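Work through the exercises below with the model open. Try each one before reading its solution.

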Amino acid sequence: MAPRLAFTRRDAILLLLGAAFTRLWFIFAGDDDRDRPIYIDAVHTDTITITITEATATTLTVSPAPTQADPFPATSLVAHAPGWTLFEDVYMSNGTLFIVSDNPSEFPEIRMMISTGLIALNEPENIAAREPTSHEMAIISTQEARSRWGANGISATAILPVEGNTFLVNEPAQFLRHYFHFVAELFFGAQVFWHGAFFRNRDPSSSVPPIHRLIFTHSNSHGWHDEPGLNTFFLQAAFPSIHVEVHEAWDDRIALTAKGSRVWRFPRLLLSDRSAAHRGQICGTQTQRIASEAWKYMQAKHQLMGIRGTEWWEPVRTAVLRLAKTPKVSSGDVGSQAALGGISAMDAPKKVVISYISRQTTSRRRLTDESHAGLVAALTQLVQSKGDSWELNVLETDKMTKEEQLQVAGRTDILLGVHGNGLTHLVMMPPTPISTVIEIFYPGGYAHDYEWTATALRKSHFAIWNDSVQTAQQLPTYPEGFHGSQIPVDGPTVARLIDHHLAGRL
Ligand SMILES: *[C@@H]1O[C@H](CO)[C@@H](O)[C@H](O)[C@H]1NC(C)=O
Ligand SMILES: *[C@@H]1O[C@H](CO)[C@@H](O)[C@H](O)[C@H]1NC(C)=O
């Protein structure tokens with residue numbers, strides 16, 4: 001076994017300058033502190049391996065094993081909700097996430113953090129197959145970490161640090177290729193959890209660290225790209241510097257540690273797992289939305305700041321609208337103020353913008369032709385009765401660019417349409433007191449997707465069953481006709497709802 005020597009960095013550099021070795025390897029892990037000791041392992045005569053570890057001692061020491069300077073800091077749990085877990089110092093070796101702790105009871109049940117990441121089907125065998133095993137995650141003692149990864153003076157090079165902040169997405173492509181699930185579930189949940197965990201004062205710029213890296217453990221690049229390209233647009237707008245790794249890169253990380261004697265250390269990692277979120281009470285029985293577990297946790301802890309508690313989403317919303325070149329956003333409106341530290345006023349907008357997302361050019365979930373015509377007529381009449389102060393947009397999103405769609409969404413107060421992906425644009429609506437989503441269902445049908453998302457952003461939500469307005473939350477039901485092309489809606493009912501809802505709010 002090679003002797004372990006500890007030097008300060010200055011000593012090491014002097015040593016290296018005078019060194020007569022033919023080959024040198026450097027592995028720098030955290031070179032922010034110049035006076036931290038560096039451990040040198042003399043592996044064989046012509047090789048020196050230098051690892052700068054997380055040591056705090058500054059004196060020259062010669063010791064067989066680092067004691068204070070622990071190369072395997074124990075894992076800490078920063079925040080946890082079912083399916084959402086923020087760790088510091090968590091490890092991965094050969095595909096297993098390792099929590100290093102001498103107090104395993106401080107961690108939640110493993111099945112509430114992770115699953116096998118298989119495609120989810122509502123069948124008993126599949127549900128069982130998604131339960132995690134010790135291959136997905138294990139909790140080991142600090143002693144075991146040392147003996148597995150050789151910190152007892154064998155080789156500190158076993159540690160492969162992954163600097164910065166990582167968002168690890170442990171779900172298959174099943175839902176990722178869908179704008180609603182990608183943006184309004186996955187990133188909605190990640191943003192509220194991340195922002196909530198760090199947003200403890202009124203200065204978000206200093207307290208909310210960036211996410212540097214996004215890893216899809218079970219999806220290739222194709223798997224998270226939706227057809228219209230909104231997912232990429234969203235990601236590049238909201239997280240322009242993020243580095244994306246797909247499962248091939250994750251598999252390479254696994255392969256590099258396949259012998260089990262090496263380990264990746266993630267100093268900060270947010271783990272998201274769809275199946276684990278569905279094991280939670282809120283997602284599993286009430287909303288079926290993974291983001292709802294993350295949102296509820298932070299809301300209950302009063303970690304959602306800003307007027308109406310929607311400030312966590314504003315940096316994302318404004319960044320996306322800025323890339324879509326929405327003129328309003330660059331000129332100091334509600335959104336850009338929020339990004340700088342707070343919404344100062346929640347004035348109702350001077351103009352009311354109604355946007356109806358038509359699905360009449362698609363084949364599924366479509367209004368009858370008469371209903372569509374009647375709805376447009378009733379809305380037109382309503383808007384005309386208000387003079388110049390109201391505006392109606394009838395949008396056929398398949399004929400619009402992404403930018404055009406986002407630009408309209410970014411200035412819409414009342415968004416309405418048949419239940420469908422187009423309603424995801426609600427996440428881009430400005431957070432004003434009149435912000436409202438009206439969702440048309442086949443009478444008797446209901447789904448929580450947009451209702452939950454609108455509510456989390458403090459928008460009003462109404463469900464329409466032809467000529468009746470459902471204000472109370474319903475159970476999800478998909479009757480015959482739900483996805484069909486004969487959905488009825490009574491236009492005057494919708495127009496009256498908008499008029500009455502806004503009366504007194506303007
Ligand atoms: C690494 O994981 C694979 C399963 O993916 C397993 O077969 C193998 O035994 C593991 N190697 C070690 C050293 O644990
Ligand atoms: C929808 O509501 C209108 C207005 O009340 C009614 O005339 C029509 O019959 C209803 N359509 C269906 C399919 O229920």
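**Exercise 1.** In which sense do strands β7 and β8 pair, and over how many bridges?

The model is predicted: local features need pLDDT of at least 70, side-chain atom pairs count only at pLDDT 80 or more, and totals for chains, interfaces and linings use all residues. Residues are numbered from 1 along each chain as its sequence is written, and side-chain values use heavy atoms, without hydrogens and water.

Step 1. Locate strand β7 at residues 84-93 and β8 at residues 96-100. Strands (E, at least two residues) are DSSP runs, numbered from the N terminus.
Step 2. The two pair in the antiparallel sense over three bridges; pairing requires at least two DSSP bridges. Tyr 91 has Phe 98 in β8 as its bridge partner.
Step 3. Inspect the link. β7 and β8 form a hairpin with two residues between them. Asn 94 in that turn has a positive phi of about 50°.

**Exercise 2.** Find the parallel partner of β8 and explain why β8 is largely enclosed.

Step 1. Strand β9 (residues 137-140) pairs with β8 in the parallel sense over four bridges. Met 137 in β9 is the bridge partner of Leu 97.
Step 2. Check both faces. Thr 96, Phe 98 and Val 100 are buried on one side, Leu 97 and Ile 99 on the other. Buried means under 20% relative accessible area (1.4 Å probe, protein chains only).
Step 3. Five of the five residues of β8 are buried, so the rest of the structure largely encloses the strand.

**Exercise 3.** Which residues of helix α5 meet helix α17?

Phe 180, Ala 184 and Phe 188 in α5 meet Asp 449, Tyr 450, Trp 452, Thr 453 and Ala 456 in α17, contact being heavy atoms within 4.5 Å.

Methods. Chains are lettered from A and ligands numbered from 1 in the order in which they are written. Buried means under 20% relative accessible area, exposed over 50%, partly exposed in between (1.4 Å probe, protein chains only).
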